[in-house]
Amino acid sequence: MASSMRSLFSDHSRYVESFQRFLNNSTEHQCMQEFLDKKLPGIIARIGDTKSEIKILSISGGAGEIDLQILSKVQAQYPEVHISNEVVEPSAEQIAKYKEFVAKSSNLENVKFVWHKETSSEYQNRMMEKKECQKWDFIHMIQVLYYVKDIPAMLKFFHSLLATNAKILIILVSGTSGWDKLWKEYGSRLPQDDLCQYVTSTGLTQMLDKLGIKYECYNLLSTMDISDCFIDDSENGDLLWDFLTETCNFNRTAPPNLKAEIKKEPEFSVRKDGKVLFNNSLSFIVVEA
């Protein structure tokens with residue numbers, strides 16, 4: 001690997017910009033919205049039965065866009081029940097955006113928000129030190145497991161926090177997605193970073209099976225338009241390559257042979273209607289108490 005290649009996570013502003021390009025060019029949020037509209041109401045149908053308050057824990061809730069969608073589904077199911085929504089999020093910038101989003105939103109009168117500026121591992125350690133952990137009715141972890149060092153320990157811990165009829169919703173890339181093929185083929189030749197690891201639904205369900213934890217898995221197709229990645233001097237394409245490879249300035253710093261290999265007709269994408277579409281399929285794993 002060329003010494004000039006470095007992890008995308010070493011440049012926060014570049015990461016944020018490339019992540020935004022990913023969202024702009026993918027159906028990620030539309031895919032999540034489809035799941036929330038069609039599947040979530042049935043999943044949460046009993047989490048608040050006989051309860052005066054529903055306790056929700058959001059792990060790495062980001063700026064809150066998906067969190068508030070989840071809250072709206074819980075409110076629709078239990079319109080008279082008070083909701084306590086606690087958010088674990090390590091980025092102060094994201095928490096600030098989340099609070100702004102809440103302030104601009106309506107119909108949240110029965111929801112109490114609490115934010116914790118920490119990682120999921122820091123939250124886990126803090127709770128274990130207290131030895132009297134809060135029980136939760138619904139816990140969700142959206143695209144966060146890549147940043148957890150000991151996933152089985154995390155799963156075991158948060159599963160122990162589930163109250164009666166409670167559920168955990170985990171969203172991550174599918175084992176049938178292009179990410180799986182990309183990571184397996186090129187991961188060892190790209191910058192390694194302690195902050196991030198390669199994990200898909202295939203690995204996650206194997207961990208849950210070993211732990212003896214019951215779950216259901218739903219898969220939904222999502223795509224990312226990477227056509228600009230094959231246009232010379234495209235800023236959008238450059239940023240998308242950075243996100244795909246988790247490499248800062250991939251096009252400028254990657255060895256020519258690596259770039260040639262990864263840019264040949266990629267097996268992780270398909271051509272459709274004149275576009276090159278990356279397979280960004282998602283898995284929605286629902287863990288039971």
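Asp 137 and Lys 51 form a salt bridge in which the closest N and O atoms are 2.5 Å apart. The model is predicted. Asp 137 belongs to strand 4, whereas Lys 51 sits in the loop between helix 3 (40-43) and strand 1 (53-59), so the pair ties together parts that are 86 residues apart in sequence. Asp 137 counts as buried because its relative accessibility is 4%, under the 20% limit.

The structure holds twelve salt bridges.

| Pair | Closest N and O atoms |
|---|---|
| Asp 137 and Lys 51 | 2.5 Å |
| Glu 34 and Lys 38 | 3.5 Å |
| Arg 46 and Asp 49 | 3.7 Å |

Glu 34 and Lys 38 are four residues apart in helix 2, so about one helical turn separates them. Glu 34 is partly exposed at 34% relative accessibility, and Lys 38 is exposed at 61%.

Seven strands make up an open, mixed sheet in the order 3-2-1-4-5-10-6. Strand 3 (111-116) and strand 6 (215-220) are at the edges with a single partner strand each, so one side of each has no neighbour in the sheet. From one strand to the next, the twist averages 15 degrees.

Strand 5 (residues 162-173) and strand 10 (residues 282-288) run antiparallel and are joined by seven bridges. Helix 9 (residues 201-211) packs on the sheet and touches strand 5, strand 6 and strand 10. Helix 2 (residues 28-38) lies across strand 4 (136-142), strand 5, strand 6 and strand 10, at about 35 degrees to strand 10.

Terms used. Residues are numbered from 1 along each chain as its sequence is written. This is a predicted model: local features need pLDDT of at least 70, side-chain atom pairs count only at pLDDT 80 or more; totals for chains, interfaces and linings use all residues. Side-chain values use heavy atoms; hydrogens and water are left out. Two strands pair if DSSP finds at least two bridges between them. Helices (H or I, at least four residues) and strands (E, at least two) are DSSP runs, numbered from the N terminus. Axes are lines fitted to C-alpha atoms, for helices over the stretch in contact, and angles run from 0 to 180 degrees between N-to-C directions. Contact means heavy atoms within 4.5 Å. A salt bridge is a side-chain nitrogen of Lys or Arg within 4 Å of a carboxyl oxygen of Asp or Glu. Buried means under 20% relative accessible area, exposed over 50%, partly exposed in between (1.4 Å probe, protein chains only).
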